[in-house]
Amino acid sequence: MIKSYKLKRHIANFFCYLFLIVMGVIWISPFVYLVMHSFRGEGMVTVDYLVPHEWTLQNYIDLFTGSGGSASLNFPRWFMNTFIVACFSCVISTISVLMVSYAFSRLRFKSRKKFMNIGMILGMFPGFMTMIAIYYLLKAMGLTQTLVALVICYSAGAGLGFQISKGFFDTIPRALDEAATIDGATKNQIFWKIILPMSKPIIVYTVLTSFIGPWTDFILAKIIMGDNRDNYTVAIGLQLMLDNDFKNTYYKQFLAGSVVVAVPITILFLAMQRYYVEGVTAGGVKG
């Protein structure tokens with residue numbers, strides 16, 4: 001009986017692992033193709049084989065030097081624009097989310113539950129529903145086609161994503177707050193000097209999510225920037241490289257650019273993966 005059970009378990013595990021391996025290969029294949037062909041030396045657009053016959057770094061050199069194509073497609077500037085917007089949005093969003101989360105977790109004030117419910121309801125609506133209204137508000141303020149507009153859009157409503165951070169703060173014993181209050185600490189001092197130093201996992205999680213959003217966004221950035229190529233982000237710039245007027249020249253540079261864009265996020269995630277998982281799991285303990 002025991003041997004029969006073990007045999008069935010091994011067979012079940014075999015098929016489970018086989019399924020996971022197949023799905024993993026399917027999932028990673030496009031990325032492998034992208035990386036390989038970003039080093040392809042022959043051909044202009046697509047080719048009818050998987051592995052390049054000639055390997056070169058020229059695609060990456062052309063991407064950053066602007067040689068081999070039109071000077072109006074300035075990838076280094078787009079990359080720097082995206083980096084600036086992502087960094088400023090990340091800092092503002094992280095501080096906003098953590099402060100709102102701490103307030104809902106530790107403070108008890110009138111209509112607290114109502115504010116939390118309103119925030120959760122608003123978070124259920126897709127962001128693109130408000131894009132046209134946001135565009136006309138920015139236009140009225142003279143901020144369209146500017147990087148400042150992107151920073152405002154990405155960070156202004158960040159506080160609505162307080163749920164996971166609040167769940168994390170709920171797991172920190174309130175006795176620490178009470179002891180600090182007895183010693184004369186204010187709520188502001190408790191937050192910055194006691195709670196935050198103990199909250200590294202949720203800080204890392206918030207930083208990563210706040211950085212990835214602006215770094216990868218396309219729709220909102222495209223609506224705000226319009227035809228101002230100087231202030232394009234990498235997402236808009238890479239899409240422009242596939243336009244009919246440019247794809248025959250820039251296709252391989254597009255592949256190289258797609259790899260370059262993935263590098264910062266990959267490095268950040270690999271370096272902070274442990275804290276990211278801790279932040280998600282700890283933040284889900286309490287509501």
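**Close-up views of a predicted model**

**View 1. Met23 and its place in a helix.** Met23 is partly exposed, as its relative accessible area is 40%. To find this residue in the predicted model, look in helix H1, which covers residues 2–37. Now pick out Val204 too: along the chain, 181 residues separate Met23 from Val204, and their C-alpha atoms are 29 Å apart.

View 2. Asp62 sits in helix H2, made of residues 58–65. Is Asp62 buried or exposed? With a relative accessibility of 13%, Asp62 counts as buried. Tyr250 is 188 residues away from Asp62 in sequence, yet the two C-alpha atoms are 9.3 Å apart in space.

**View 3. Helix H4 and its two sides.** Helix H4 runs through residues 112–123, twelve residues in total. From the first C-alpha to the last, H4 reaches 17 Å, close to the expected 16 Å. Which residues of H4 are buried? They are Arg112, Met116 and Gly119.

View 4. Most residues other than glycine have a negative phi. Ser111 is not a glycine, but its phi is positive, at about 65°. This residue lies in the loop between H3 and H4 and is partly exposed, with 30% relative accessibility. Gln145 is also a residue other than glycine with a positive phi, near 60°. Look for Gln145 in the loop between H5 and H6; at 29% relative accessibility, Gln145 counts as partly exposed.

**View 5. Helix H9 and its buried side.** In helix H9 (residues 187–195), the buried residues are Ile190, Phe191 and Ile195. Why are they on the same side of H9? The reason is that they cover an arc of only 100° around the axis. What do the buried residues of H9 pack against? Their partners are H3, H7 and helix H8 (174–182).

**View 6. Asp177 and the residues it touches.** Asp177 belongs to helix H8 and is buried, with a relative accessible area of 5%. Leaving aside residues up to four places away in sequence, Asp177 touches Tyr102, Arg106, Ile190 and Ile195.

**View 7. A cluster of aromatic rings.** Here Phe64, Phe75, Phe79, Phe211 and Trp215 come together as one aromatic cluster. Across the whole structure, a search finds 17 aromatic pairs.

**View 8. The largest pocket and its lining.** How much space lies in the largest pocket? It holds about 1000 Å³. Its lining has 33 residues, and those closest to the centre are Gly127, Cys153, Tyr154, Gly157 and Ala158. Several helices give two or more residues to this lining, including H5 (131–140), H6 (147–156) and H10 (200–216). H10 gives the most to the lining, with six residues.

Conventions:
Residues are numbered from 1 along each chain as its sequence is written. This is a predicted model: local features need pLDDT of at least 70, side-chain atom pairs count only at pLDDT 80 or more; totals for chains, interfaces and linings use all residues. Side-chain values use heavy atoms; hydrogens and water are left out. Helices (H or I, at least four residues) and strands (E, at least two) are DSSP runs, numbered from the N terminus. The expected span of a helix is 1.5 Å times one less than its number of residues. Buried means under 20% relative accessible area, exposed over 50%, partly exposed in between (1.4 Å probe, protein chains only). Rings of Phe, Tyr and Trp (its six-membered ring) pair if their centres lie within 6.5 Å; planes under 30 degrees apart count as stacked, over 60 as edge-to-face and the rest as tilted. The arc is that of the directions from the helix axis to the C-beta atoms. Contact means heavy atoms within 4.5 Å. On a 1 Å grid over the protein atoms alone, a cavity is a set of points where a 1.4 Å probe fits but cannot get out, and a pocket is an open set with protein on both sides within 12 Å along at least five of seven lines; lining residues have an atom within 4 Å of a point. Grid points are joined across faces, edges and corners, and a volume is the space filled by probe spheres set on the points.
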